[in-house]
Amino acid sequence: MTAPARSSEHRLLVQIASYNTALQGFHGVPQDLVDWLAPTLKVSKFLSREPRAPDVVAVGFQELLPLHQGLAGISRKVIQDRNTLILSQLEAHAPNGERYSLVAEVVNVGVGLLVYALDDGISRHVRDVQTQSTSCGLFYMGNKGAVGVRFRVQTKDNSPGEVYTFVCAHLTAHECNLAARISDFHNIVGTLLFPPLPGSSSGASTTMYSTSHLFFLGDLNFRLSLPPTSPYAGHTNSQHLEAALDTQSGREELKEFDQLLQERRKRTVFQGFREGDFWAFKCSYKFRIGEVDKYSGQRTPAWTDRILYATYSDSADTTDDTGITNLLYTSIPSYTTSDHKPIVALLLLPSTPSASPSDNAIPLLSLPPDFTPRPDPLALIKKYIGRVLDRIVGFVWWSLILIGAGYTVVGICNFILGFGAWTWWKSKLGNGPVNV
């Protein structure tokens with residue numbers, strides 16, 4: 001049976017969640033996820049007389065497991081474990097007993113993404129599910145990079161429907177590496193490639209921008225770039241900075257030093273994207289592990305974890321307005337196993353027009369005239385080079401840790417000592433029997 005098109009009374013509700021678990025592996029997420037899910041369910045009560053569950057839920061992770069294990073290729077077991085937990089928790093806390101189906105899962109080293117859809121709703125109309133990954137590390141290795149999920153939702157038999165694309169990323173760290181983060185983003189645009197859209201006359205691969213709705217989440221690592229003259233700059237002013245983060249007015253002042261906001265205004269990165277008021281919550285990084293509300297003195301606090309979005313009804317002329325209603329955008333302080341706090345957003349998508357200019361064409365994002373995303377012709381080569389290096393480095397690194405009883409440095413020392421002893425023994429054998 002064909003479902004009717006979305007009306008203004010039933011706009012699609014999308015929940016986005018992101019968490020850098022600080023290499024915790026199987027121990028990176030608390031068993032009870034109600035703190036992460038309940039805020040969205042409470043907000044959904046404002047949408048109707050009865051509580052409403054999200055139609056689509058996307059959950060992204062960064063630093064999913066220790067890096068040597070991720071490079072060696074065992075990330076899939078961890079993301080599958082996450083899926084089992086999250087799916088059970090989604091259904092346990094659904095307001096009306098709703099059930100969800102896993103649309104897709106994808107993982108690359110430490111970056112993972114899970115996307116779910118309501119069983120009795122949108123999941124019945126999902127078509128053409130695709131997953132992709134790309135890497136941004138040294139020699140295209142996967143210590144940094146992105147994963148993506150794309151699918152088409154067809155709610156009318158005579159229309160191709162709309163395309164949804166979700167991207168989870170982990171970009172280069174440290175305040176001084178702003179240029180590298182910008183480069184990472186454009187590398188992802190050029191190398192996170194999907195097959196041609198249905199009905200396309202071209203056989204060429206498409207970028208993440210070839211979509212009706214685009215969601216970008218993750219640890220983007222953009223920092224607060226405070227000038228030396230700022231009263232918040234330096235370790236001596238850290239208490240002043242933290243006090244400012246406790247107030248709405250202080251956060252509104254500090255947001256002007258956010259690198260991502262500054263670069264988006266310059267249109268150097270995340271062209272066409274919108275974002276909610278990230279300054280409505282405290283910086284999600286860097287906290288003391290085990291503490292609910294205490295920052296570490298090792299780094300200046302920053303809004304490193306972000307959720308951005310775009311939809312086809314948005315104008316290319318401005319990034320101030322959007323057809324997406326941001327109902328919630330916040331962090332979850334109660335999680336203490338990482339130096340990051342998880343973040344979550346609840347987005348209400350625009351209603352589908354009752355009459356489209358062309359029912360035979362998939363509606364696509366409108367982009368600024370000075371920005372044209374293009375597929376990288378070397379994307380596949382870069383991917384395979386990075387994948388081979390990932391496995392080599394991962395297995396060598398893991399071997400050194402095993403030799404060193406859990407410590408890489410000890411493993412290197414043990415390897416050098418062992419190799420030296422073997423060389424000495426071999427040289428003695430070459431000179432005749434060894435007397436013991």
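This report covers the nonpolar cores, a nonpolar surface patch and the cysteines of a predicted model.

## Nonpolar cores

In soluble globular proteins, nonpolar side chains tend to be buried together. Here, the largest nonpolar core holds 47 residues.

Leaving aside residues up to four places away in sequence, Phe215 touches Val14, Ile16, Tyr164, Thr165, Phe166, Val167, Leu308, Tyr309, Leu347 and Leu349. Another core, of 28 residues, lies apart from the largest one. Its members include Leu13, Ile86, Ile332 and Leu348.

## Nonpolar surface patch

Ile403, Ile412, Phe415, Ile416, Phe419 and Trp422 make a patch of about 630 Å². Which helix gives the most to the nonpolar patch? Helix 9, spanning residues 408–430, does, with five residues.

Ile416 is one of the patch residues and is found in helix 9. Ile416 has 54% relative accessibility, so it counts as exposed; the cut-off is over 50%.

## Cysteines

Is Cys176 buried or exposed? Cys176 is exposed, because its relative accessible area is 69%. Cys283 has a relative accessible area of 1%, so Cys283 is buried.

How values were computed: Residues numbered from 1 in each chain as written. Predicted model: local features only at pLDDT ≥ 70, side-chain atom pairs only at ≥ 80, totals over all residues. Heavy atoms only, no water. Patch = residues over 30% accessible without salt bridge, like charges linked within 9 Å, V, L, I, M, F, W, Y side chains within 5 Å. Areas by Shrake-Rupley, 256 points an atom, 1.4 Å probe, with all protein chains shown as cover. Salt bridge = Lys/Arg side-chain N within 4 Å of Asp/Glu carboxyl O. Helix = DSSP H or I, 4+ residues; strand = E, 2+ residues; numbered from the N terminus. Buried < 20%, exposed > 50% of the residue type's maximum accessible area, 1.4 Å probe, protein only. Core = buried A, V, L, I, M, F, W, Y, C linked by side-chain atoms within 4.5 Å. Contact = heavy atoms within 4.5 Å.
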